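Reader: Hey, I've just opened this one and I'm new to it. Could you walk me through it?

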Amino acid sequence: MEEPTGRTDLLREREAWLESILAALHECAVIVYDREGRITNLWVSPEQEERFGVRGEELVGQSVSEIVPPQQAEMILSRLEKVVASCEKFLVDVPTTLPGGDFWHHLSLSPLRDADGRITGAVGFTRDITDRKQAEQKLEELNEQLEDEVARRTATLTHAVEDL
């Protein structure tokens, strides 16, 4: 049985609207996981695909454990399990190693329910925070250097005062 033309047009219009919203997101991706951590749907911008060195469509159907190193997969999968078991949302910063290099992502996970209200998996919203994490690391290094310099100068001054 075919859908009425009006309904089909409405669905196409809504799909185009949703695509335009997703295309407007900067350095973000939307990932739908099943209960076992397999990616069932994924939206990622072409710019991110180039940066990360992998096409989004290549990841659909794969488990997180097939995409990232074991320690990273374990972190993500444990959060997915908690989302499914507790019906709660989680936020976490995760290191992610992809073909294009090492990145940091801020991951928001929420339970995904079917029409009957059963949790079928989770939806993840990720944002690339690699630049922020690199800036934080640089700031930590500069603070350590500053503390070392202050300690060195304090010692020099202490010795100078003792010599007086």
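Reader: Let's start inside. How do the residues of the lining of the largest cavity divide into nonpolar, polar and charged?

Author: First, keep in mind that this is a predicted model. The lining of that cavity has 16 nonpolar residues, five polar ones and one charged one.

Reader: And how many cavities of 30 Å³ or more does a search of the whole structure find?

Author: The search turns up one. Its volume is about 320 Å³.

Reader: Which residues are the closest to its centre?

Author: Of the 22 residues in the lining, those are Ile-31, Leu-59, Thr-96, Leu-98 and His-105.

Reader: Which elements give two or more residues to that lining?

Author: On the strand side, they are strand 1 (28-34), strand 2 (39-44), strand 3 (90-98) and strand 4 (101-113). The helices in the list are helix 2 (46-52), helix 3 (56-59) and helix 4 (64-67).

Reader: OK, what about pockets? What volume does the largest pocket have?

Author: That one comes to about 180 Å³.

Reader: Which residues line it?

Author: Leu-18, Glu-19, Leu-22, Val-30, Val-32, Asn-41, Leu-42, Trp-43 and Val-44 do. By class, seven of them are nonpolar, one is polar and one is charged.

Reader: Where does the largest share of that lining come from?

Author: From strand 2, which supplies four residues. Helix 1 (5-24) and strand 1 also give two or more residues each.

Reader: What actually holds strands of a sheet together as pairs, in general?

Author: Strands pair through backbone hydrogen bonds, and they can do so in a parallel or an antiparallel way.

Reader: Back to this sheet, then. Over how many bridges do strand 3 and strand 4 pair?

Author: Over nine bridges, in the antiparallel sense. The two are joined by a hairpin through two residues, and Thr-97 stands opposite Asp-102 in strand 4.

Reader: Which residues of strand 3 are on its covered face, and which on the uncovered one?

Author: Phe-90, Val-92, Val-94, Thr-96 and Leu-98 make up the covered face. The uncovered face has Leu-91, Asp-93, Pro-95 and Thr-97.

Reader: Nice. And how many bridges are there between strand 1 and strand 5?

Author: Strand 1 pairs with strand 5 (residues 119-128) over seven bridges, again antiparallel. In that pairing, Val-30 has Phe-125 of strand 5 as its bridge partner. Val-30 also turns up in the lining of the largest pocket.

Reader: Switching topic: how many salt bridges does a search of the whole structure find?

Author: It finds 13. One of them links Glu-66 and Arg-38, whose closest N and O atoms are 3.3 Å apart.

Reader: Why does that pair tie together parts that are 28 residues apart in sequence?

Author: Because Glu-66 lies in helix 4, while Arg-38 is in the loop between strand 1 and strand 2.

Reader: Are those two exposed or partly exposed?

Author: Glu-66 is exposed, at 52% relative accessible area, and Arg-38 is partly exposed, at 35%.

Reader: What does Asp-131 form a salt bridge with?

Author: With Arg-51, and there the closest N and O atoms are 4.0 Å apart. Asp-131 sits in helix 6 (residues 130-163) and Arg-51 in helix 2, so this pair ties together parts that are 80 residues apart in sequence. Asp-131 is partly exposed at 49%, and Arg-51 is partly exposed too, at 32%.

Reader: How far apart are the closest N and O atoms of Glu-57 and Arg-55?

Author: They are 2.8 Å apart in that salt bridge. Glu-57 is exposed, with a relative accessible area of 55%, whereas Arg-55 is partly exposed at 41%.

Reader: Last one: which residues do salt bridges that share partners join into one network?

Author: Asp-93, Arg-132, Lys-133 and Glu-136.

How values were computed
Residues are numbered from 1 along each chain as its sequence is written. This is a predicted model: local features need pLDDT of at least 70, side-chain atom pairs count only at pLDDT 80 or more; totals for chains, interfaces and linings use all residues. Side-chain values use heavy atoms; hydrogens and water are left out. On a 1 Å grid over the protein atoms alone, a cavity is a set of points where a 1.4 Å probe fits but cannot get out, and a pocket is an open set with protein on both sides within 12 Å along at least five of seven lines; lining residues have an atom within 4 Å of a point. Grid points are joined across faces, edges and corners, and a volume is the space filled by probe spheres set on the points. Ala, Val, Leu, Ile, Met, Phe, Trp, Tyr, Cys and Pro count as nonpolar, Asp, Glu, Lys and Arg as charged, and the others, Gly among them, as polar. A salt bridge is a side-chain nitrogen of Lys or Arg within 4 Å of a carboxyl oxygen of Asp or Glu. Buried means under 20% relative accessible area, exposed over 50%, partly exposed in between (1.4 Å probe, protein chains only). Two strands pair if DSSP finds at least two bridges between them.
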